[in-house]
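This report covers a strand, a loop residue and a pair of helices. Please have the sequence and the model at hand.

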Amino acid sequence: AHVGHPTNMEPQTNYDESAVPSYELPDPLIDAAGNPVATAADWQSRRRPEILRLFEDEVYGRMPGPFESSHTEILDEDPGALGGRAVRRQTRLRFGDDETSPAMDLLLYLPSEATGPTRVFLGLNFFGNHSIHTDPGIRLSTEWMQSSKSNQIVDHRATEASRGVFASRWPVADILARGYGLATIYCGDLDPDFDDGYANGVHPLFYQDGQTQPEPHQWGSISAWAWGLSRGLDVLEEDDAVDAAHVAVMGHSRLGKTALWAGACDERFALVISNNSGCGGAALARRRFGETVAAINGNFPHWFCDNHRAYNDCEDELPVDQHQLIALAAPRPVYVASAIDDQWADPKGEYLASRHASPVYELLGQRELDAQQMPPVSQPLADGSIGYHVRPGGHDVTTYDWNRWMDFADRHWRG
Ligand code: GCU
């Protein structure tokens with residue numbers, strides 16, 4: 001199974017390290033007025049909100065709080081799922097009072113042998129909850145999704161044959177065996193991934209009278225998906241079987257950008273994981289290596305807020321860069337994973353952003369990413385509060401990645 005990508009081949013794409021322009025990164029510890037940020041309290045109360053606001057207004061767009069008339073319904077529960085290894089629970093959160101209001105379905109697996117509240121990984125998926133496992137008990141998504149022959153999506157709808165098409169990206173049995181739970185939501189429940197001027201999905205729920213699309217500083221699709229992750233955490237907080245103080249938010253690619261942004265906006269997420277998130281995710285924009293701001297805004301005009309277009313081919317004018325997005329996770333543990341053949345996502349830029357987030361972690365008394373060089377493949381740097389690895393292979397999520405994240409979570413949560 002694979003995601004249908006656009007060409008990923010802008011004619012002017014740079015893949016040559018020696019052609020990376022020289023650039024100066026905005027310093028996370030010098031504020032907009034030029035004053036140094038010297039204490040943890042200063043970071044938390046002054047500089048962190050300043051950076052967050054810049055990412056809201058200039059990159060992803062501001063998102064609203066929870067929708068007032070939301071209703072939770074447990075659709076079904078199976079205490080003997082996956083041959084008795086798991087408890088499976090599917091919960092619907094509906095935004096509005098009638099059947100036609102948008103809704104998101106959260107699929108949760110918990111290890112059946114758990115004796116107390118379980119720590120959970122929460123992530124969005126690309127092709128419906130049923131795409132993560134062949135379990136016939138998972139409800140087949142009926143929402144719009146990108147048509148894809150290889151993933152058995154016909155006329156924008158899932159078919160029975162699409163069950164488990166992305167199972168390799170979600171090693172559910174391994175996750176349960178290590179004592180963790182897994183929760184997932186289809187990103188298209190929040191906002192279908194195409195440019196329709198924000199007519200569908202959750203954006204219209206919040207329009208003022210007469211408003212037909214978000215303002216230039218208001219949320220695009222990545223913010224809507226991140227908002228959905230927070231709503232997923234709301235659902236998990238209501239579940240006594242979940243240890244909601246230990247929920248890791250994770251995501252791959254566009255949904256990895258989303259996971260970083262969700263972790264920045266919602267400090268309830270205890271751990272943040274980005275996989276191959278690239279441009280607009282963990283990779284430094286100023287390097288202009290692989291995908292660029294102009295390329296991403298051109299191919300995906302709905303992902304970011306409209307203000308972000310001002311930085312097409314003007315990366316040096318951005319008041320932030322992506323190391324500061326990673327720093328917004330501090331002091332919580334954050335893990336950035338790259339794949340060496342995924343040059344479009346700029347693995348080196350992802351490593352550098354992780355390293356340049358370090359001063360914030362240090363200021364907050366956390367152990368930083370102390371490697372001065374990008375590590376070779378398969379040599380994770382994960383002893384501190386910022387984890388990083390680059391694995392062999394291409395743009396994908398593998399069991400290797402999951403094992404590193406679970407090792408990292410074990411280290412931070414179980415000592
Ligand atoms: C495209 C896009 C990337 C994105 C990826 C994905 O390649 O250019 O920015 O991360 O799709 O989401 O799979």
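Which residues does Ser162 touch, not counting residues up to four places away in sequence?

## Basis

This is a predicted model, in which local features need pLDDT of at least 70 and side-chain atom pairs count only at pLDDT 80 or more, while totals for chains, interfaces and linings use all residues. Residues are numbered from 1 along each chain as its sequence is written, and side-chain values use heavy atoms, with hydrogens and water left out.

## Ser162

Ser162 touches His130, Ser131, Leu140, Asn151, Gln152 and Ile153 (contact means heavy atoms within 4.5 Å). Its place is the loop between β6 (157–158) and α3 (172–177); helices (H or I, at least four residues) and strands (E, at least two) are DSSP runs, numbered from the N terminus.

Ser162 has a relative accessible area of 0% and is therefore buried (under 20% relative accessible area, 1.4 Å probe, protein chains only). Its side chain makes a polar contact with the side chain of His130 at 2.9 Å. Such a contact is a pair of N or O atoms within 3.5 Å; within protein, one must be able to donate a hydrogen and the other to accept it, and residues adjacent in sequence count only if both atoms are side-chain atoms.

## Strand β2

Strand β2 (residues 86–95) is largely enclosed by the rest of the structure, because 8 of its 10 residues are buried. Strand β1 (residues 70–80) runs antiparallel to β2 and is joined to β2 by 8 bridges; strands pair if DSSP finds at least two bridges between them. Leu93 in β2 is the bridge partner of Thr72.

β2 also pairs with strand β3 (residues 103–111), in the antiparallel sense, over 9 bridges. Here Arg94 stands opposite Ala103 in β3.

## Helices α1 and α6

Arg48, Leu52, Phe55, Glu56 and Tyr60 in α1 meet Trp261, Gly263, Ala264 and Cys265 in α6.

Definitions and conventions: Buried means under 20% relative accessible area, exposed over 50%, partly exposed in between (1.4 Å probe, protein chains only).
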